[in-house]
Amino acid sequence: MTDLDEQGRPEPPIAADETGTLLGFLEYQRATFAWKCGGLDSAALKATVGASTMTLGGMLKHLAYVEDYWFSRTLHDREGQPLWSTVDWKADVDWDWHSAADDSPEEVYAIWDDSVSRSRAAVEEALAGGGGMGRLAQRTRSDGTAPSLRWLVVHMIEEYARHNGHADLIRESVDGLVGE
């Protein structure tokens, strides 16, 4: 049974194996991000802080792209989801951030939720195939090396932790919600 905190986030297990610990912390970071972005309307998802153009809507779409990139494309060497494959990334390398302003809250929440669901399934599939967290990704880098599943999960924990800090500032400016 998973213990939930007062925000409904799953507490990472305190005495699990490597896989349980890493995935527990990734789920906690994902839940923190969902909490910071939850229940907001279109105007709130477009709010910025100070000189930054970063928005919660853009962050949702960016993290959806990053989830798909690492767990589908890199881990399993699959083509990206149709949304990402239609983008001219050379014309706008920050398309994921900018285009969210044109999406309704329902659309951007669904894009992120769907991407996270696919990522969870991709990780389960990789673990079921053997090799544990040491399993290497199927897509290699230009130098021929491939990151391990461990590296991918830790990278995603870092990605969410960094953006959760940004989300804290933006959400507080929107409606005063504060917390870890």
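## Phenylalanine 71 and its contacts

Apart from its neighbours within four places in sequence, phenylalanine 71 is in contact (heavy atoms within 4.5 Å) with Leu26, Arg30, His76, Ser119, Ala122, Val123, Leu149, Leu152, Val153 and Met156. The structure is a predicted model, in which local features need pLDDT of at least 70 and side-chain atom pairs count only at pLDDT 80 or more, while totals for chains, interfaces and linings use all residues. Residues are numbered from 1 along each chain as its sequence is written, and side-chain values use heavy atoms, with hydrogens and water left out.

## The nonpolar core

A nonpolar core is a set of buried Ala, Val, Leu, Ile, Met, Phe, Trp, Tyr and Cys residues joined through side-chain atoms within 4.5 Å, where buried means under 20% relative accessible area with a 1.4 Å probe and protein chains only. The largest such core holds 39 residues, among which Phe33, Met59 and Phe71 touch the most other members. At least two residues of this core come from each of helix H1 (18–37), H2, H3, H6 and helix H7 (149–175), helices being DSSP runs of H or I with at least four residues, numbered from the N terminus. The most is given by H3, with nine residues.

## The largest pocket

The largest pocket has a volume of about 220 Å³. On a 1 Å grid over the protein atoms alone, a pocket is an open set of points where a 1.4 Å probe fits, with protein on both sides within 12 Å along at least five of seven lines, and lining residues have an atom within 4 Å of a point; the volume is the space filled by probe spheres set on the points, which are joined across faces, edges and corners. Of its 18 lining residues, Thr53, Thr55, Gly58, Trp97 and His98 are the closest to the centre.

Methods: Buried < 20%, exposed > 50% of the residue type's maximum accessible area, 1.4 Å probe, protein only.
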